[in-house]
Amino acid sequence: MSTIEKALAKQKVAQQNNKLNSDDGISEEKAAILSNASTSTSTSTSTSTSTSTSTSTSTSTAAYPHNEVLQLDKEELANRGFLIDNGTRKSIKDEFRQIKRKLLSNAFGAAAKTLDNSNLVMVSSSKPNEGKTFISINLALSIALEQDKTVLLIDADVLRPSMNRELGFKEVPGLIEYLLGKKNNISEIMYSTNIDKLKVIPAGEPHHLSNELLASDRMESLAKELAERYPDRIVIFDCPPLIGVTETLVLANLMGQAIVVVEESKTQLADIKKATEFLNEDLALGLVLNKAIRSHKDMYGYYGYGYGTK
């Protein structure tokens with residue numbers, strides 16, 4: 001038999017052996033690959049595919065641990081006017097206590113039977129820079145002081161997110177990633193904090209369709225799940241302004257309550273009317289006067305809370 005014939009015969013035998021192994025289940029080569037894949041990602045492999053997979057997985061996990069607790073600087077927040085329970089009594093606590101009592105009553109009292117998703121509260125304003133994020137955060141901090149209630153604060157102002165900057169934590173995946181389908185479970189974008197009973201969902205990474213995502217079916221499903229899965233929790237949405245962002249009105253239809261922040265001596269009455277005229281009439285609507293001068297009786301006057309009052 002010639003050398004060539006011997007080589008061909010050897011190749012034929014090898015092919016038959018591979019076929020038998022394949023019929024039994026998996027080839028030795030595949031078995032070796034699966035075995036390597038099941039080992040620790042720190043184990044060195046000779047294939048470039050395994051190496052890149054290992055690197056990608058370890059980087060993602062290290063950057064955003066699934067059960068990460070966001071550490072907020074309470075002293076810094078208190079110095080900037082946020083409602084931190086440090087044992088001191090300030091008028092701001094009483095002012096926000098009055099606001100939250102209305103919200104809690106509507107969410108869990110007799111009025112809850114007349115509202116859809118009564119525990120979902122949107123905070124907005126007619127135009128930007130009227131202090132809605134400040135009000136949203138302080139409302140959440142005030143509710144977190146309750147003995148039997150928890151609060152979830154969501155940065156839904158996805159075009160101009162500011163919650164991570166205001167609260168002082170790094171950028172992490174949030175609402176945008178969930179609405180895009182990059183995160184499948186709410187638990188992946190919901191973060192505990194070092195403030196008891198306060199959880200947050202940040203806006204996430206900016207996207208060119210950020211506002212459109214607020215009007216998506218996935219956003220509607222998220223709101224429904226938050227309302228039904230956590231019926232004993234107040235969920236506060238820091239939303240985009242009502243004037244100029246049509247998606248905010250779509251988002252408002254998913255809520256049971258709404259607060260419109262009004263800046264004293266700046267917000268025009270015409271803007272308030274324009275901002276609220278198309279809101280759902282079944283929505284429990286209230287106004288919060290923000291940035292009032294201290295000579296007034298209340299620094300943060302709260303008024304006009306009712307059903308569909310505009």
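Mentor: Buried means under 20% relative accessible area, exposed over 50%, and partly exposed in between, taken with a 1.4 Å probe and protein chains only. This is a predicted model, in which local features need pLDDT of at least 70 and side-chain atom pairs count only at pLDDT 80 or more, while totals for chains, interfaces and linings use all residues. Residues are numbered from 1 along each chain as its sequence is written, and side-chain values use heavy atoms, with hydrogens and water left out.

Trainee: Does Lys93 count as buried or exposed?

Mentor: Lys93 is listed among the residues of helix H5, where helices are DSSP runs of H or I with at least four residues and strands are runs of E with at least two, numbered from the N terminus. Its relative accessibility is 11%, so Lys93 counts as buried.

Trainee: Which residue does the side chain of Lys93 meet in a salt bridge?

Mentor: A salt bridge is a side-chain nitrogen of Lys or Arg within 4 Å of a carboxyl oxygen of Asp or Glu. The N to O distance is 3.6 Å, and the partner is Asp85.

Trainee: How many residues apart in sequence are the parts that Asp238 and Lys132 tie together?

Mentor: The side chains of Asp238 and Lys132 meet in a salt bridge at 2.9 Å, N to O. Asp238 lies in strand S6 (residues 233-238) and Lys132 in helix H6, so the separation of these parts in sequence, counted in residues, is 106.
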